[in-house]
Amino acid sequence: MNNKEATLSIIKPDAVERDLTDEIKNIFIQNNLNIKDSKKIHISKDEAAEFYKVHQSKPFYNDLCAYLSSGPIVVMILEGENAVSLNRKIMGATDPNKAENNTIRKLYGISIDKNSVHGSDSQDNAKKEIDFFFKN
Ligand code: ATP
Ligand code: MG
């Protein structure tokens, strides 16, 4: 069955700062996710607020937006069979302490907020998030 999808991945400031970008990219590649596009950017707090607006009612929203805009991030389009769910599996649970062994968050995550990566959670959101960062 062919179900090629695209999803958005972000390497968050904690991981970029620790020079983990290439290691994390290699994990995607080894798991059959092709990196179709990639760029290193530093977004403003307003842009982070727009990106994370689905979380605007959450108590951690302000900290989350401050954090994503606190330093450079790497945004990527990942492509492959079932890319949305495959990427989520490779990332592991939101809280690194609860993530399975060998997931990115288990390997590199520091805490629930500094959890090294973001991945779209549905095909609809993947389209919106890819447009957010890659549509001119
Ligand atoms: P992401 O959207 O970053 O891929 P996720 O889908 O696993 O992560 P969400 O529930 O969408 O998790 O939360 C978005 C982000 O908000 C998380 O990655 C995490 O950094 C932060 N977050 C989630 N829950 C909490 C919490 N209870 N306290 C602090 N930060 C949180
Ligand atoms: Mg999410």
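Begin by selecting Phe 133, which at 7% relative accessibility counts as buried, a word used here for residues under 20% relative accessible area, with exposed meaning over 50% and partly exposed in between (1.4 Å probe, protein chains only). The model is predicted, so local features need pLDDT of at least 70 and side-chain atom pairs count only at pLDDT 80 or more, while totals for chains, interfaces and linings use all residues. Residues are numbered from 1 along each chain as its sequence is written, chains are lettered from A and ligands numbered from 1 in the order in which they are written, and side-chain values use heavy atoms, with hydrogens and water left out.

Rings of Phe, Tyr and Trp (its six-membered ring) pair if their centres lie within 6.5 Å, and planes under 30 degrees apart count as stacked, over 60 as edge-to-face and the rest as tilted. A search of the whole structure finds four aromatic pairs. In one of them, the rings of Phe 51 and Phe 132 have centres 5.6 Å apart and planes at 50°, so the pair is tilted. This pair links distant parts of the chain, with Phe 51 in helix α3 (residues 45-51) and Phe 132 in helix α7 (residues 123-134), 81 residues apart; helices here are DSSP runs (H or I, at least four residues), numbered from the N terminus. Phe 51 counts as buried at 9% relative accessibility, whereas Phe 132, at 32%, counts as partly exposed. Phe 51 also forms a tilted pair with Phe 133, at 5.2 Å centre to centre and 50° between the planes.

**Ligand 1**

Finally, select ligand 1 and show the side chains of His 55, Asn 115 and His 118. A polar side-chain atom of His 55 lies 3.0 Å from an oxygen atom of the ligand, and a polar side-chain atom of Asn 115 likewise lies 3.0 Å from a ligand oxygen atom. For His 118, an N or O atom in the side chain is 2.9 Å from an oxygen atom of ligand 1.

Technical notes:
Helix = DSSP H or I, 4+ residues; strand = E, 2+ residues; numbered from the N terminus. Polar contact = N/O pair within 3.5 Å; in protein donor to acceptor, adjacent residues only side chain to side chain.
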